[in-house]
Amino acid sequence: MENKKTYYVTTPIYYPSDNFHVGHCYTTCIADALARYKREKGYDVFFLTGSDEHGQKIEERAKKAKVSPKEFVDPIIDNAKDLWQSLNISYDKFIRTTDAEHVACVQKVFQKLYDQGDIYKGSYEGWYCTPCESFWTESQLVDGKCPDCGREVHLMKEDAYFLKLSKYQKEFEAYLNANRDLMQPESRYNEMVNNFLKPGLKDLCVSRASVKWGIPVTFDENQTIYVWIDALTNYISALGYLSDDDSLFQKYWPADLHLVGKEIFRFHTIIWPIILMALGLPLPKKVYGHGWLTIDGGKISKSKGNYKDPREFIKDYGADTLRYYILSEVPFGSDGNFSELLMVERRNSDLANILGNLVNRTVAMTNKYFDGSVKRLKKVTDLDKEVIIDLNAMDKQVETKIEALDVPGALAVIFNNLKRLNKYIDETTPWILAKDENQKERLNDVLYLILEGIRLCAVNLKAFIPETADKIFAILNTEYQSFDYAKVGVPNFKVVKKADILFDRIDEEALKEKLSAEEEMVEEAATEAKIEHLPEITIDDFGKVELLVGQVLDCKKHPEADRLLISQVDVGHGEIRQIVTGIADYVEPEKMVNSKVVVVANLKKAKIRGVESEGMLLVGEDDELLNVLTSTCKVGTRIR
């Protein structure tokens, strides 16, 4: 038996989120469509997705919830798997970075790199972004903040291990010059070369002493492995690399495609390839960094009211409606916009009118004129030839689009053929042919060709909207459902007596009113929240508050209160303040040391649980964490 060609496609392993939105579905839907398409084409496919469960963010969120990190993420992972099932995501493996096999692989990789001198111990001092789990140099910061997410960074100093990225720069650049497909699209390639390779790669800090929720370094109990080394290794640990059974690794590696968001492109196209080079392993064939999905032109945000769990859309409109919109509407590689109203408009125009109406009226005419049975056409007219040529070319055209990762283009090819079939009905007028007994054979040929066109479109649609394709095959009552029969010519059709409606039309005006009412409710809630939490003050009121930049010299827990920290803060001009804050549930004392903080310096002194406090530290609270506000200004700077 001939061995099948293999295809290995991955999504990034996702940070566990208990608040899913449609943006989370984007990469996974694309990867699923590609995996399904390749399977239909006869490839031996391995489609990997999963969850990235280690790191400081999870550690802090679990601490706030007063559970262990594993207890915190377990129900979130169950929720993620439920979402993927709702969207008919056909992954072959869902990997968790807490899986024992993954942990063992990461530790072996780290040990191997250390033993061969590619990882060494040193001391790290620099800027760290907790939300992105990223280290940055001073020159890489933008206005003193993380260049990826724009949020605050904090200065970190601790013993750590480093990966010799610089050692492999020339080798990697030579590889990249010979393998430009590694980084796609071209805009992302240019960004990586200009922003990271040309300035010169610096060795990467690959362990943490201050973060305990992670994979331990086997030869140094005080260190855990940097979350990105942990996360990236999933692509080979899932295949059994360095395990007793590495047959999947031998079969599928190197990956054909890593699909990632543009915000993590750097990790996948610089750090990951160099890790593989150091391990002596082949590099992935292609890494594609797609854009972001916004909602109604704005960032997806629960507070903005444009945030819905995707299962709400699936419940209201069906999984294939959501899949079709995501896959067809967004130009791959660019940022795209999601709108519930636009999704419904596309459902009505494309899925209900072009596809659904074509199927229903063709089946109705087949039953009305031939009791549901038509045979292969006998006489082919010039008009028929035009349609047949288009239908027979569709398979190759879709395949070409898929190879270029142009998923919207592939769907456009299919729907252009569906439009052509609708036009063919208008050109041949079956209802008029049915009135002439001498045109019976011609009527058979016309209906056969339309049914064949619908079948071929369903074969090509199966990867993108699988539920709908299966419904069409059931309506046509045909066994010819694969690419083995991708040309016009199956023997006959015996369709069902009555076709179910594939997509009912949604009242767009009613939806507009509903969405408008929801928007007004969100605005009212936001206004009420502002009135409650942000009472109006005058400039004189604000002028009474003295804000100074201070630097934390020492920080420890209050001896009698678990939630309180006692900090010694230099506020400039030789003055040291002792400040008590209730943030111990969110921040480790050692992480506070050396931080530049914002101090309310003229707050009346007070004793808190028996300890004098001479001011207050400003903090910010989002949906998940409480963070101390920091500044890049010099100590003693007055904030106005």
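**Close-up views of a predicted model**

View 1. Gly50 has Ile95 of β3 as its bridge partner. Strand β2 (residues 44–51) pairs with β3 in the parallel sense over four bridges; pairing requires at least two DSSP bridges between two strands. Helices (H or I, at least four residues) and strands (E, at least two) are DSSP runs numbered from the N terminus. The model is predicted: local features need pLDDT of at least 70 and side-chain atom pairs pLDDT 80 or more, whereas totals for chains, interfaces and linings use all residues. Residues are numbered from 1 along each chain as its sequence is written, and side-chain values use heavy atoms, without hydrogens and water.

**View 2. The open sheet.** Its six strands follow the order β3-β2-β1-β12-β13-β7, with parallel pairing. At the edges, β3 (93–96) and β7 (183–184) each pair on one side only.

**View 3. Strand β1 and its neighbours.** Five bridges join β1 to the parallel strand β2, with Tyr8 opposite Phe46. Two bridges link β1 to β12, also in the parallel sense; Val9 has Leu257 as its bridge partner there.

**View 4. Leu34 in the largest nonpolar core.** This core, a set of buried Ala, Val, Leu, Ile, Met, Phe, Trp, Tyr and Cys residues joined through side-chain atoms within 4.5 Å, has 104 residues, of which Leu34, Phe338, Leu355 and Phe464 touch the most other members. Leu34 contacts (heavy atoms within 4.5 Å) residues including Tyr7, Leu257 and Ile402.

Key:
Buried < 20%, exposed > 50% of the residue type's maximum accessible area, 1.4 Å probe, protein only. Lists of a residue's contacts leave out its neighbours within four places in sequence.
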